[in-house]
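Hello,

Here is the structure I promised to hand over. Please open it first, then read my notes below.

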Amino acid sequence: MNSVRAAALAVFSFAVFLSSLPACAHSTLEVAQATIGAGYKGVVRVPHGCAGEATHTVRVSIPDEIANVKPMPKPGWTLTTKSGPYATPFNNHGKMMNEGVKEIVWSGGALPDAHYDEFVFTGTIIPGAKAGTVYVPVVQECANGAEKWVETPSAHDAQARLKYPAPPLVLVQSTQPHGQAHSTAKTYSVGALRIEAPWTRATPKGAQVGGGYLKITNAGKESDRLVGGSLPIAGRLEVHEMATVDGVMRMRELPKGLEIKPGETVELKPGGYHIMFMQLKEPLVAGKPLKGTLVFEKAGTIEVEYSVAPIGARDMPAAGGGHSHH
Ligand SMILES: [Cu+2]
């Protein structure tokens with residue numbers, strides 16, 4: 001590359017860098033869009049201090065639409081949180097949460113005006129949230145003042161230029177087909193195997209058996225076999241296939257287990273290979289995930305958690321599980 005082109009490229013890169021920062025350097029969220037019902041990682045960007053002073057405290061207020069918030073500790077800063085009741089209870093994988101973190105405070109730090117830093121939290125956008133913009137107010141405190149990024153547009157003047165706008169977060173509906181949320185499903189690793197999205201479905205009272213479904217990928221060089229496992233409420237667990245015998249489709253046990261060849265992904269799903277929970281002592285309940293184990297010939301035993309879809313479901317339940325599917 002000649003030096004003129006290199007210089008032009010450098011200028012261009014710098015321009016791109018500048019344009020990715022807000023012109024007046026407000027506190028903002030690095031990712032200003034989140035999917036309803038999915039996890040969200042909030043990165044609050046603090047580009048400068050208060051009128052030249054260093055920032056010693058950063059407060060972030062959590063809107064009602066974000067539940068199960070966990071802040072990331074920062075070296076050199078004291079992390080505290082304030083909890084409060086949720087506007088609506090949040091179903092955290094079958095466990096109802098009525099309250100959680102509403103404010104995060106990082107204090108006792110020193111972020112000079114000339115420096116930039118980021119403050120991170122994770123949470124879940126509650127499944128019932130309305131699509132649209134919510135706000136995540138941020139306050140920076142300094143020795144002699146504060147920068148309060150807390151203004152939100154009023155209904156009367158949504159276009160007004162705010163001097164201290166609260167960081168906006170746009171909530172959007174999931175684009176995935178209803179009843180599926182594979183991207184938020186659980187993934188497990190054991191040896192060279194990756195296990196994705198274990199799920200089962202609710203059983204009627206008195207039912208003796210239930211089916212288990214998941215995807216297994218073998219990233220190794222040797223073949224392995226799913227040979228069994230356990231579920232606390234089942235007397236026994238078998239690995240089954242569907243096969244046509246005399247023109248009739250029926251299931252039968254794979255006595256040697258299910259082979260997963262190197263480089264292969266095998267999906268256990270309704271109408272195909274599946275895990276069979278035998279001698280159920282109690283019903284499987286929709287929205288109440290439960291843990292069990294899977295045993296592989298070479299990779300060994302791993303604990304997995306099954307999400308539980310409603311009776312008769314063809315697909316795994318969406319993230320959060322408990323809400324009904326229409
Ligand atoms: Cu079966």
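**Strand pairing around S15**

In strand S15, Lys-215 is the bridge partner of Glu-196. Strands here are DSSP runs of E with at least two residues, helices are runs of H or I with at least four, and both are numbered from the N terminus. This is a predicted model: local features need pLDDT of at least 70, side-chain atom pairs count only at pLDDT 80 or more, and totals for chains, interfaces and linings use all residues. Residues are numbered from 1 along each chain as its sequence is written.

S15 (residues 210-218) and S14 (residues 193-201) run antiparallel, joined by 6 bridges. Two strands count as paired if DSSP finds at least two bridges between them. S15 also pairs with strand S20 (residues 265-268), antiparallel, over 4 bridges. There, Leu-214 stands opposite Leu-268. A further 3 bridges join S15 to S21, again antiparallel. Gly-212 faces Ile-275 of S21.

**A three-stranded sheet**

Three strands form an open sheet in the order S2-S12-S9, with mixed pairing. Its edge strands are S2 (33-35) and S9 (132-135), each pairing on one side only. On average, neighbouring strands are turned by 35 degrees against each other, direction ignored. The axes are lines fitted to C-alpha atoms (for helices, over the stretch in contact), and angles run from 0 to 180 degrees between N-to-C directions. S9 and S12 run antiparallel, with 4 bridges. Val-134 stands opposite Leu-169 in S12.

**Two cores**

The largest nonpolar core has 28 residues. Such a core is a set of buried Ala, Val, Leu, Ile, Met, Phe, Trp, Tyr and Cys residues joined through C-beta atoms within 7 Å. Val-60, Ile-125 and Val-138 have the most contacts inside the core. Among the elements giving two or more residues to this core are strand S7 (95-107) and strand S8 (117-125). A second, separate core of 24 residues includes Leu-231, Val-239, Phe-296 and Val-308.

**Ala-286**

Ala-286 lies in the loop between strand S21 (274-280) and strand S22 (290-296). Is Ala-286 buried or exposed? Ala-286 is buried, because 22 other C-beta atoms lie within 10 Å. The cut-offs: buried means 20 or more such atoms within 10 Å, exposed 12 or fewer, partly exposed in between, with C-beta atoms placed from the backbone. Beyond its neighbours within four places in sequence, Ala-286 is in contact (C-beta atoms, placed from the backbone, within 7 Å) with Ala-202, Val-308, Ala-309 and Pro-310. The C-alpha atoms of Ala-286 and Val-308 are separated by 4.8 Å, though 22 residues apart along the chain.

Best wishes

Terms used. Contact = placed C-beta atoms within 7 Å.
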